[in-house]
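Please look through the structure shown below.

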Amino acid sequence: MVSISWFGVEHSLPPSPSTSSAHSKPYTTRSVPPLHKTQLLPTLPTNSLAAVATSAAYQFSSTRRNHQLLFSCLASPGKQGKNRNKGDSRTFYPISVSSAATERRRHCCCRLGSAMTAAGMEEGGAILGALLASLLGMILLYHLFGKSRKRAVVAREAGSSPAKTQNDGEFSPAAGTDVIIVGAGVAGSALAHTLGKDGRRVHVIERDLTEPDRIVGELLQPGGYLKLIELGLQDCVEEIDAQRVLGYALMKDGKSTRLSYPLDKFEEDVAGRSFHNGRFIQRMREKAATLPNIRLEQGTVTSLLEEDGVIKGVQYKTKDGQELKAYAPLTIVCDGCFSNLRRNLCTPKVDVPSCFVGLVLENCQLPFPNHGHVILADPSPILFYPISSTEIRCLVDVPGQKVPSIGNGEMAKYLKNNVAPQVPPELQDAFISAVEKGNIRTMPNRSMPANPQPTPGALLMGDAFNMRHPLTGGGMTVALSDIVVLRDLLKPLRDLRDAASLTQYLESFYTLRKPVASTINTLAGALYKVFSASPDEARKEMREACFDYLSLGGVCSSGPVALLSGLNPRPMSLVLHFFAVAIYGVGRLLLPFPSPKGFWIGARLISSASGIIFPIIKAEGVRQMFFPATVPAVYRPPPLN
């Protein structure tokens, strides 16, 4: 005898005559919760499948179709596939039993079906009530959840409008500003428009919103123009009389070579642009101001507001002299090369290798139209490039931090006697005329590698963060490239208030910017030292070899120019070309017949080349420059909002 507990009542089952069948399996004891405390079921069949079937019948008791299907399969155990409805994947196995056992099983199943149907009818009212209660509960939860979401939206919209406190004029945290940008130069204006276009609420504070008048930041390389297109700011070079720049002309000792940008694979509009810096900046400010979520204000930021190691905002003085405070989850400092805030956010190591003396030449034509001109003069290079259809900018590099005085006439004398004879004949008259007019400007050429100190709530960008010698005109290209990198990092973030997580996430910015920034920075520093005159014989050979190498054409000219223009930002390619110049110079010394002097100068040339480029690479960061994939910060996911 086998004992089975069914609906809380023990039943004794006789042994099955089919226990010796190949298809039969031993009984297992099942305990099923009672369906109804007054309901008692008859003795069940002894076959194991019958016990399982009755349990399954209890589980599927919600529909009469399942009952009928189950009982019909039990009634015909030898035809498992014929009694299944279409789409029903359940499998019933045949049982080998005697005819008496089969009759007993059919009788039991019929009684079971009647009992189960009666129980289902008795509980139908309870089930219907439960369904209605569940439906009403779901409607109530949906209603409450919808109200909470509406309240959150209203709160966000209320926070988007600027609001001042009534006591001291400070902007409260509820003012709704997402980002404060200090400075509205090239980097600040472009960044404001970019973040504003992405839906950020931006407060820009600029010391002077009138049109700037500078002698640098006037040449945008083709790589920078591509970034301008990517940011949707390409129309800012329109209507300012900007000139297309197609490459460079290199001149030395009466010889010249033209180096064109490799633009064959780009659209016809892609080229360099040269213009008045102030006109370009004003165009970007105007475009940024058209966005309703950007507030452009004139004021001087005096300090960053710090609380528990986190930058909360800035303190600034308006043009009316009123002291105010502004708060935002993220403050981005873009206040230029003379930044007074960078010391809080980086370790500045500013070097001033030379100064530019700027003039504007009128009523003249460059030897190579639509090209920038680099004159390898003594003691250092002279630059010429168009800034309008009638004006040509001349920048004379003067080594060191001291320049002749403009006030007492020493500068005019220096330009006429030392510089004018080295100017191309086509430009000499216009050059002397510009000197005599007296509109002479000077600008220190600063170089500063990026050495950030990640600070929660703040970020450095533009010349406040990283500078290189302006010989190659790469500053704006680096700044615009940095903005593209930062935009892509911030795009998946909706909330910037978790300062610690945001700072950790944005550490990848310093590595992701390296391909473009380090290539242009290294090339600018290396070319300035190679192009400058030197009494050292090895340096003289290096300068001559560089000019001749670039004059070879083909990859020897297109490769370096692609690096300089930002079209091919590959640090390894830069190193290869640089040492190719050095090896080319050594080959010139050893051909046609090697000499001890040639070997000696060649060895010093290689040493000199290494002494030029390796310190710059070290300052840029070898790992980030050549092996960025090994920096863990690159793989950090954005923080969850």
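**Aromatic rings and a helix**

Phe465, Phe509 and Tyr510 form a cluster linked by ring pairs. Rings of Phe, Tyr and Trp (its six-membered ring) pair if their centres lie within 6.5 Å; planes under 30 degrees apart count as stacked, over 60 as edge-to-face and the rest as tilted. By this rule there are eight aromatic pairs. The ring centres of phenylalanine 465 and phenylalanine 509 lie 6.4 Å apart with their planes at 35 degrees, so this pair is tilted. It links distant parts of the chain, 44 residues apart: phenylalanine 465 is in the loop between β19 (458-460) and α9, and phenylalanine 509 is in helix α11 (residues 509-512). Both phenylalanine 465 and phenylalanine 509 are buried, that is, under 20% relative accessible area, with exposed over 50% and partly exposed in between (1.4 Å probe, protein chains only).

The model is predicted: local features need pLDDT of at least 70, side-chain atom pairs count only at pLDDT 80 or more, and totals for chains, interfaces and linings use all residues. Residues are numbered from 1 along each chain as its sequence is written, and side-chain values use heavy atoms, leaving out hydrogens and water.

In helix α5 (residues 222-230), the buried residues are Pro222, Gly223, Gly224, Tyr225 and Leu228. The charged end of arginine 273 sits over the ring of tyrosine 225, 4.4 Å from its centre (NZ of Lys or CZ of Arg within 6 Å of the ring centre and within 35 degrees of the ring normal).

The protein chain has 17 helices and 19 strands, which are DSSP runs (H or I, at least four residues; E, at least two) numbered from the N terminus. Of its 641 residues, 49% count as buried.
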